[in-house]
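Please look over the sequence and the model below before reading on. The briefing then takes up a few places in the chain, topic by topic.

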Amino acid sequence: MRRCRWAALALGLLRLCLAQANFAPHFFDNGVGSTNGNMALFSLPEDTPVGSHVYTLNGTDPEGDPISYHISFDPSARSVFSVDPTFGNITLVEELDREREDEIEAIISISDGLNLVAEKVVILVTDANDEAPRFIQEPYVALVPEDIPAGSIIFKVHAVDRDTGSGGSVTYFLQNLHSPFAVDRHSGVLRLQAGATLDYERSRTHYITVVAKDGGGRLHGADVVFSATTTVTVNVEDVQDMAPVFVGTPYYGYVYEDTLPGSEVLKVVAMDGDRGKPNRILYSLVNGSDGAFEINETSGAISITQSPAQLQREVYELHVQVTEMSPTGSPAAQATVPVTIRIVDLNNHPPTFYGESGPQNRFELSMNEHPPQGEILRGLKITVNDSDQGANAKFNLQLVGPRGIFRVVPQTVLNEAQVTIIVENSAAIDFEKSKVLTFKAVDPDTGPWGEVKYSIYGTGADLFLIHPSTGLIYTQPWASLDAEATARYNFYVKAEDMEGKYSVAEVFITLLDVNDHPPQFGKSVQKKTMVLGTPVKIEAIDEDAEEPNNLVDYSITHAEPANVFDINSHTGEIWLKNSIRSLDALHNITPGRDCLWSLEVQAKDRGSPSFSTTALLKIDITDAETLSRSPMAAFLIQTKDNPMKAVGVLAGTMATVVAITVLISTATFWRNKKSNKVLPVRRVLRKRPSPAPRTIRIEWLKSKSTKAATKFMLKEKPPNENCNNNSPESSLLPRAPALPPPPSVAPSTGAAQWTVPTVSGSLTPQPTQPPPKPKTMGSPVQSTLISELKQKFEKKSVHNKAYF
């Protein structure tokens with residue numbers, strides 16, 4: 001019996017312990033792809049909008065007790081999610097970026113109030129196509145020899161896209177489909193197209209615009225494609241593929257009777273046709289000299305080896321050959337030119353210079369500064385001729401002026417030659433140092449011509465000086481010439497000899513424009529409003545005087561993303577790409593889902609060297625439907641880019657309102673003046689006709705009392721027939737209100753017309769009371785006035801007299 005009691009007691013204690021035990025809650029595990037449970041293997045796209053409900057924590061408690069949910073993160077990490085503790089709804093509270101963080105670690109927990117169960121989970125961030133391709137290792141510059149075979153590799157560009165999948169794949173293509181180059185769409189390798197060639201002499205630089213485009217993908221529920229552009233500069237390297245060229249042809253030489261053996265007859269000049277890396281040139285005589293002439297192989301100077309008396313012919317036809325020597329010393333390209341040498345013996349005609357229209361003693365030429373060394377001044381058409389025969393027709397040519405800048409070819413002439421001027425010192429031809437260079441082509445062998453003094457005069461001579469003996473024209477030390485301000489000057493030069501004989505010539509000086517002004521935008525930050533389907537325009541002004549220095553090309557240098565706008569490089573018009581036809585389409589590719597864009601635009605002139613200027617352009621985009629909702633909003637948006645238009649419209653509106661106000665005020669003034677006119681003080685005796693019944697007069701007075709009372713607020717001043725009740729004084733307290741004027745037409749009752757007599761009255765001013773309101777029927781002024789008028793009219797008298 002006792003043993004049974006102990007067993008029952010133990011069983012009761014066991015039941016009590018079991019009743020007091022509380023088991024911990026736990027999460028449901030619903031597996032991959034589920035949005036409900038313990039977030040096992042849960043993934044989330046990176047373009048998920050902030051504030052979205054992304055998951056629901058779900059679990060249970062064995063005892064059925066209420067449970068709560070929690071989520072926490074490492075202190076050094078972002079708190080990306082928040083959770084509703086009661087329902088377990090998880091909300092995204094910060095933006096995701098897979099390229100920055102592709103996994104998010106969190107600790108989720110479930111609690112029944114007594115027990116807390118926590119689990120560490122990893123949320124995977126999946127990719128969305130939100131990154132544009134980006135070219136690396138820019139800038140791209142390639143040096144390519146001009147004889148590179150067609151199909152050869154020129155360069156390789158490389159762009160990366162941080163997206164994955166198709167959004168991270170990059171393909172390449174050229175923006176200019178008519179380019180002599182081609183690009184491999186997968187590797188970015190640039191090649192010279194089949195059948196295409198490069199020519200250093202024709203074009204030394206090529207610019208290739210390469211576009212990198214990703215494979216497209218989803219972003220915020222829409223399919224988008226991003227792209228980027230870069231420019232590859234291809235510099236063409238010169239190679240030896242051009243034959244040498246003679247300058248100053250045709251060549252004529254003359255031998256005089258007193259010429260000594262070994263004397264130079266003339267000089268031929270040739271240069272390598274390849275200007276980039278010219279070869280050394282050697283001269284030689286091929287045939288025709290018969291041993292009478294020889295040539296210096298390095299200078300091209302032809303000399304006579306015999307006395308003129310020993311020569312057997314009057315004319316010699318020589319053939320000069322020029323040979324390029326390669327860097328290795330082997331002969332390369334060759335060219336041949338004929339040279340005519342005449343033997344003359346008369347000397348009775350001075351050499352004469354001829355231009356295109358006959359004899360000419362002055363030649364002008366405009367040229368750019370720093371021309372290439374060896375360049376021929378082709379704008380000069382000069383021929384020199386000596387009518388003598390034999391050795392007497394020989395003369396030398398030389399330039400008198402700054403030395404070492406130009407060289408005249410030929411230097412020795414027999415009878416006739418075409419004169420060629422060649423650049424020897426390119427650095428000395430500097431626009432900033434000297435705007436004008438003047439030389440004489442003279443013959444030192446024709447004897448003394450007499451001492452000549454030069455002077456200049458005229459309206460355009462203030463900025464210039466002339467050397468009295470050499471005739472060299474140069475600018476004043478303080479002069480500052482500007483082609484943008486004045487591009488052409490003219491004045492007169494007087495040449496006078498010792499005998500007083502003189503000649504006058506007019507000199508024209510043309511300033512060549514140098515690209516010294518960059519294009520300028522009106523503002524460094526410009527704001528434009530674009531309506532869908534309508535372009536906006538930017539404009540920059542280049543203050544250079546001539547083309548191409550003042551021609552401007554426009555481009556978009558930076559835009560993010562880069563595939564939204566196009567620009568016309570010549571007009572500066574900017575418009576949306578054809579693929580964007582609505583604001584919704586624009587929102588899909590706008591990071592902030594707004595329509596305000598910032599672009600960096602560039603204006604670049606076509607001068608050499610070229611100058612460019614950038615500006616920040618802010619574009620606010622709207623559509624026609626938005627404009628149609630509010631005409632005022634449409635007007636403000638349309639005039640946002642042209643504030644002066646809005647000011648003009650506002651000024652016009654204000655002017656119209658002012659004009660209407662003036663007209664109304666003027667009309668009111670004259671009407672009130674006519675009705676309130678106070679006549680001079682005088683006494684008038686009038687015979688009064690039979691009055692109408694009193695009731696009619698009283699009614700008429702009542703009907704006019706309200707209006708009349710507002711006009712009788714006059715100060716105690718002498719009568720003035722120019723007074724106006726619209727003056728500021730009418731707002732003051734009335735001191736002696738005037739009586740109403742007699743009406744021009746009295747109301748008809750069937751009897752004869754009658755005239756209301758004019759009477760005077762006065763009121764005692766009350767300063768403590770406010771001014772009476774004109775339209776208040778119950779004012780003290782009106783009551784007093786009506787009472788007084790009634791008393792006056794009740795005194796009937798046919799011979800009543802009126803006083804003013």
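Predicted model: local features only at pLDDT ≥ 70, side-chain atom pairs only at ≥ 80, totals over all residues.

Residues are numbered from 1 along each chain as its sequence is written, and side-chain values use heavy atoms, with hydrogens and water left out.

**Nonpolar cores**
- The largest nonpolar core holds 30 residues, of which Phe293, Ile302 and Ile341 touch the most other members; such a core is a set of buried Ala, Val, Leu, Ile, Met, Phe, Trp, Tyr and Cys residues joined through side-chain atoms within 4.5 Å.
- Strand β30 (residues 331-343) gives the most to this core, namely five residues, strands being DSSP runs of E with at least two residues, numbered from the N terminus.
- Another core, of 25 residues, lies apart from the largest one and includes Tyr172, Ala196, Val234 and Val236.
- Beyond its neighbours within four places in sequence, Ile341 is in contact with residues including Phe293, Ile302 and Leu414, where contact means heavy atoms within 4.5 Å.

**An open sheet**
- Four strands, in the order β2-β4-β8-β7, form an open sheet with mixed pairing, and two strands pair if DSSP finds at least two bridges between them.
- The edge strands, β2 (36-37) and β7 (81-83), each pair on one side only.
- Strand β2 runs parallel to β4 (residues 53-57) and is joined to it by two bridges, with Asn36 standing opposite Thr56 in β4.

**Two buried residues**
- Val121, found in strand β10 (residues 116-126), is buried because its relative accessible area is 7%, and buried means under 20%, exposed over 50% and partly exposed in between (1.4 Å probe, protein chains only).
- The C-alpha atoms of Val121 and Asn38 are separated by 8.2 Å, although these residues are 83 residues apart along the chain.
- Asn549, in the loop between β48 (540-541) and β49 (552-558), counts as buried because its relative accessibility is 8%.
- Leaving aside neighbours within four places in sequence, the contacts of Asn549 include Asp513, Asp542, Asp544 and Asp605.

**A surface patch**
- Tyr457, Tyr492, Tyr502 and Val504 form a nonpolar patch on the surface, with about 400 Å² of accessible area together.
- Tyr457 lies in strand β40 (residues 452-457) and is partly exposed, with a relative accessible area of 40%.

Terms used:
Patch = residues over 30% accessible without salt bridge, like charges linked within 9 Å, V, L, I, M, F, W, Y side chains within 5 Å. Areas by Shrake-Rupley, 256 points an atom, 1.4 Å probe, with all protein chains shown as cover. Salt bridge = Lys/Arg side-chain N within 4 Å of Asp/Glu carboxyl O.
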